[in-house]
Amino acid sequence: MSDQSAAADVDVDLRQLFASLARNWLRVLVITLLVTGLAFAFAWLATPHYKATTQLKIQLSESAYTRPAGTNEDDKPVLDAEGVATEVQVISSSDILKQVAADLKLGDKPEFNYALGMSPVTRLLVIAGLKSDPEEIPLEERVLTKMRDKLNVYGVEKTRVIAVEFSSEDPQLAADIPNAIAKAYLAYQADAKTKSNAAATAFLGPEIDDLQKQVRDAEAKVAAFRSAQSDLLMGGNNSVLATQQLSELSTELSRVRASRASAEATAERVRQALQNGGSLDAVPEVLSSDLIQRLRERQIELRTNIADLSTTLLDNHPRLRAMRSQLADLDGQIRNEAQKIMRGLLTQAQTAQARENQLISDVNKLKAASSRAGEEQVQLDALQREANVRRQQLESYMASFREVSSRKNYLPVDASVFSEARVPSEPYFPKLVPIVGAALVGSLLLMSVITLLQELFSGRAMRPAPGARFERIEQVAMPAMSAPVVHPEPAPEVVEVDDQPTTVESELVPEPEPAPSVLEGAAAAGSEPQAEPVRSSLGEIDVEKAAEKLIASGAARAIFVSPEGDEAAASAVLVAREVSDAGLRVLLLDLTASGAASRPMLDSGLFPGITNLLASEAQFSDVIHADLYSDCHVVPVGTADPVRAMRAADRLPIIMQSLTTAYDLVIVECGPADAQGISRLVGDSTEVFMSMLQADDEVAQAAVELIESGYPDLTLVTPIGHETPGNPVPGRRSAA
């Protein structure tokens with residue numbers, strides 16, 4: 001018997017890998033100390049920098065006594081995130097920074113005017129043309145550039161607070177500059193409001209004088225026109241009486257016309273329904289009749305009785321004929337009542353027509369009178385509107401003028417400083433301990449990683465992985481069936497494989513005569529062997545050899561057929577657990593009707609499974625469960641309707657392909673299926689097995705049919721003699 005070994009692999013020797021740190025400890029330590037020393041020297045010799053922060057609150061400072069008339073607390077605008085961002089840009093604007101630089105004389109300090117503190121080397125580079133001359137840049141621009149580098153103005157998140165942060169080598173300047181910027185910003189806001197008030201006062205004064213004269217002239221014209229036209233009688237709604245009456249008659253005329261049109265349209269619909277024999281249920285006026293409703297109820301009752309009696313009586317039964325006659329009479333009565341409703345609607349339409357003619361005559365009379373009054377009213381309204389517009393504009397200007405005049409000496413600014421910058425006592429840069437600590441830890445980690453990578457890439461930390469060897473399973477041809485004959489069991493043959501003794505049981509080779517059965521006996525030392533009854537053999541293999549065959553062949557799918565029913569389904573469960581214990585990722589798919597393969601693995605048959613997946617009631621993650629007694633995964637039958645699930649049986653090849661991609665081996669228990677039933681489950685690298693408990697005609701016939709149907713490599717496997725926790729194997733006979 002030949003051996004087939006698994007492919008060799010390479011593992012990482014963690015002990016050898018981390019031992020490289022101990023071998024190279026001196027190099028790691030020297031470089032770490034060197035980097036730490038450089039970081040310490042940098043932190044010790046670097047120029048300290050100080051930082052201070054001034055905080056401003058952006059808000060409207062109006063009080064109840066200075067707020068403009070006619071406004072309240074809810075009318076004031078609220079600054080949003082964009083408004084705060086705008087104020088941030090105003091604070092960091094060039095005008096405010098220039099003013100602060102001039103007040104504090106920052107141009108005389110080398111920190112801001114780098115042209116004052118140039119070293120001799122820098123001057124030589126400038127003379128040689130290797131560096132630009134800073135004196136060619138205007139002093140104001142040099143100072144602003146340095147200020148912007150050291151200044152940080154930002155809005156505090158989710159607040160209306162603006163922080164002005166400044167860093168400097170001088171702690172006093174670090175506090176003075178943000179405070180000066182805040183004061184300059186508040187002065188800028190106050191100056192802008194002062195200019196706005198002055199411009200408003202200069203504009204409103206002459207405009208008010210001109211408007212007062214225009215209002216007097218407009219009101220005089222209105223009074224003169226009213227006294228000259230005395231025939232403009234005003235109604236209750238401040239309109240001419242003739243116009244008001246004309247409006248009322250027009251409204252009444254429209255209502256009468258609508259009523260007439262509605263009555264005519266309804267009558268026409270009833271007439272068409274009666275003439276064409278259509279349904280009268282679509283006409284609301286017909287349905288609103290109490291008599292018709294009662295007739296309809298009687299009609300429904302008769303139809304219900306006819307339907308009930310039709311189940312027990314023939315169509316020509318006297319009772320049915322009488323009820324149909326009554327139903328026809330009811331239809332006639334309903335149509336007669338509909339004709340009466342139609343005639344009533346026609347009468348209503350004629351009455352509305354007469355009322356409409358009378359209203360048209362009255363409207364024509366009022367049109368002439370209203371036309372004359374309308375022309376005069378138009379002129380009066382025009383004069384009145386002009387006077388009102390002038391007066392409203394005058395009142396608005398005068399109110400604004402009074403407010404501006406009252407606010408000349410008080411201008412509330414929309415910002416305030418609530419936290420001034422203090423002179424910092426400690427520099428924010430450099431921090432000696434954090435810099436040295438970060439350099440120490442970082443350099444130590446970096447050198448450790450470099451050392452480990454060198455050891456890993458050199459190959460010294462690699463070791464070959466142990467390989468596994470599996471015995472090849474030879475296929476045995478199907479023998480002819482006959483009565484079992486008891487023979488003594490041959491002695492096992494011991495062969496040497498990889499310097500290890502391996503016991504190989506002799507396999508039965510089919511002969512033309514009836515196949516003998518195998519006798520399993522146990523003999524103690526010094527005692528006579530005692531024979532026990534055993535089962536006959538068809539060349540089947542046990543669970544361990546089936547698992548070894550699947551592992552050695554590298555099969556992706558294993559199809560198990562159990563012609564003897566649910567008891568033989570234990571073979572698929574046991575083989576799946578054996579292959580899973582060998583380290584492969586295995587999934588068992590239960591396609592039996594009773595869930596015989598999955599129930600022992602889950603101790604329940606109520607889990608969602610393949611039927612739920614086919615019926616689109618669950619996803620892959622919902623139907624894959626873990627075996628309670630091994631590392632194997634299982635997809636049970638499921639809880640969905642089997643009829644509905646089998647309508648989507650065409651999806652089985654797609655599901656099998658997906659499972660094969662995710663797992664090393666997919667084992668399918670098909671129950672007593674035939675060749676056609678397993679055809680859609682077979683794919684590349686597929687092994688077909690037949691589970692058997694005893695060698696009888698049923699098993700032999702099923703095996704022959706599968707072989708003749710295109711599965712010549714069929715392998716018989718028996719679960720007898722192999723027991724696993726949670727899955728007791730049915731024991732019809734003793735193990736072979």
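Helix 3 (residues 81-91) lies across strand 3, strand 4 and strand 5 (161-168), and runs at about 30 degrees to strand 5. Helices (H or I, at least four residues) and strands (E, at least two) are DSSP runs, numbered from the N terminus. Angles run from 0 to 180 degrees between N-to-C directions, with axes fitted as lines to C-alpha atoms, for helices over the stretch in contact.

This is a predicted model, in which local features need pLDDT of at least 70, side-chain atom pairs count only at pLDDT 80 or more, and totals for chains, interfaces and linings use all residues. Residues are numbered from 1 along each chain as its sequence is written, and side-chain values use heavy atoms, with hydrogens and water left out.

Four strands form an open sheet in the order 4-5-3-6, with antiparallel pairing. Strand 4 (151-155) and strand 6 (415-419) stand at the edges with a single partner strand each, so one side of each has no neighbour in the sheet. The twist averages 25 degrees from one strand to the next. Two strands count as paired if DSSP finds at least two bridges between them. The table lists the pairs.

| Strand pair | Bridges | Sense | A bridge partner pair |
|---|---|---|---|
| Strand 4 and strand 5 | five bridges | antiparallel | Gly 155 and Ile 162 |
| Strand 3 (50-58) and strand 6 | four bridges | antiparallel | Lys 57 and Ser 416 |

Strand 4 and strand 5 form a hairpin with five residues between them. Lys 158 sits in that turn, with a positive phi of about 60 degrees.

Is strand 5 enclosed or open? Eight of its eight residues are buried, so strand 5 is largely enclosed by the rest of the structure. Buried means under 20% relative accessible area, exposed means over 50%, and partly exposed lies in between (1.4 Å probe, protein chains only). In a regular strand the side chains alternate between the two faces of the sheet. Both faces of strand 5 are covered. Val 161, Ala 163, Glu 165 and Ser 167 are buried on one side. Ile 162, Val 164, Phe 166 and Ser 168 are buried on the other.

Helix 6 (residues 139-150) also packs on this sheet, touching strand 4 and strand 5. Its direction makes about 50 degrees with that of strand 4. Thr 145 belongs to helix 6. It counts as partly exposed, at 39% relative accessibility. Phe 112 is 33 residues from Thr 145 in sequence, and 8.3 Å away in space, C-alpha to C-alpha.

Strand 18 (residues 686-691) and strand 19 run parallel and are joined by three bridges. Within this pair, Met 690 has Leu 716 in strand 19 as its bridge partner.

Where does Ala 675 lie? Its place is in the loop between strand 17 and strand 18. Ala 675 is buried, with a relative accessible area of 14%. Leaving aside neighbours within four places in sequence, Ala 675 is in contact (heavy atoms within 4.5 Å) with Leu 706, Ser 709 and Tyr 711. The C-alpha atoms of Ala 675 and Ser 709 are 6.2 Å apart, though 34 residues separate them along the chain.

**The whole protein**

The secondary structure comes to 20 helices and 19 strands. Of the 736 residues, 36% count as buried. Among contacts between residues at least 6 apart in sequence, 79% join residues at least 24 apart.
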